[in-house]
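Subject: Handover of a structure

Dear colleague,

Please find below the structure that I am handing over to you. My notes on what was found in it follow.

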Amino acid sequence: MDRRGEGNKTLLGGVVILMIICCIFAGQILVHRYHMRTESVFSRRTEENFYSLGLEILNTTLTETYSLEKGDSILVSMVQIDGDLSIRIGMKGQKPVYEGNGQGLGDFTVNIQETGDYEISVTGKRAQGSLSFSMNSRVRTVKERYLAVMCAK
């Protein structure tokens, strides 16, 4: 009888250890899947002179276009938590006025030297964090600029 009891205890201990190993393995798979997700989950807010992104995970490129005039500026505020992030600000088909990899956290200003329609593009690969772009009061979106020209005719 004692041998059977000892055998059951050994078997039970083995089963418990096996269950713990399985739970650890399953947890590792879930963590890996979360970090390797290919879809994007984000929030975006656009206004006349403001553009912000809250990134749970970004694996794509997001672009907004603003009409800017010579002498305008864009205040970029960035809090990147994880992943790869790049920012490009410039007129389509031209050399960008700013291009960076999102490594520095904090605020910086991009000065506009030429009037035109500027694209603000944010590209992420497993990027997480938040960004905002604040344009000075002279900024109008492309749509507003178009409407102003059409209404003036």
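Two strands are taken to pair if DSSP finds at least two bridges between them; helices (H or I, at least four residues) and strands (E, at least two) are DSSP runs, numbered from the N terminus. On that basis, strand β1 (residues 41-47) and strand β2 (residues 50-58) run antiparallel and are joined by seven bridges. The two form a hairpin, with two residues between β1 and β2. Within this pairing, Phe42 stands opposite Leu55 in β2.

Please note that this is a predicted model, in which local features need pLDDT of at least 70 and side-chain atom pairs count only at pLDDT 80 or more, while totals for chains, interfaces and linings use all residues. Residues are numbered from 1 along each chain as its sequence is written, and side-chain values use heavy atoms, with hydrogens and water left out.

Aromatic pairs

Rings of Phe, Tyr and Trp (its six-membered ring) pair if their centres lie within 6.5 Å; planes under 30 degrees apart count as stacked, over 60 as edge-to-face and the rest as tilted. A search of the whole structure finds two aromatic pairs. One of them is stacked, because the rings of Tyr51 and Phe133 have their centres 5.5 Å apart and their planes at 20°. This pair links distant parts of the chain, with Tyr51 in strand β2 and Phe133 in strand β7, 82 residues apart. Tyr51 is buried (under 20% relative accessible area, with exposed over 50% and partly exposed in between; 1.4 Å probe, protein chains only), at 0% relative accessibility. Phe133 is likewise buried, at 0%.

Tyr98 and Phe108 form a tilted pair, 4.9 Å centre to centre with 35° between the planes. Tyr98 lies in strand β5 (residues 98-100) and Phe108 in strand β6, so this pair ties together parts that are 10 residues apart in sequence. Tyr98 is partly exposed, with a relative accessible area of 21%, and Phe108 is partly exposed at 23%.

Two loop residues

Asp72 is placed in the loop between β3 (61-68) and β4 (73-91). Asp72 is buried, with a relative accessible area of 0%. Gln113, in the loop between β6 (106-111) and β7 (116-135), is exposed at 56% relative accessibility. The C-alpha atoms of Gln113 and Leu68 are separated by 9.4 Å, and these residues are 45 apart along the chain.

The helix

Ile24 is found in helix α1 (residues 2-35) and counts as exposed, at 53% relative accessibility.

Yours sincerely
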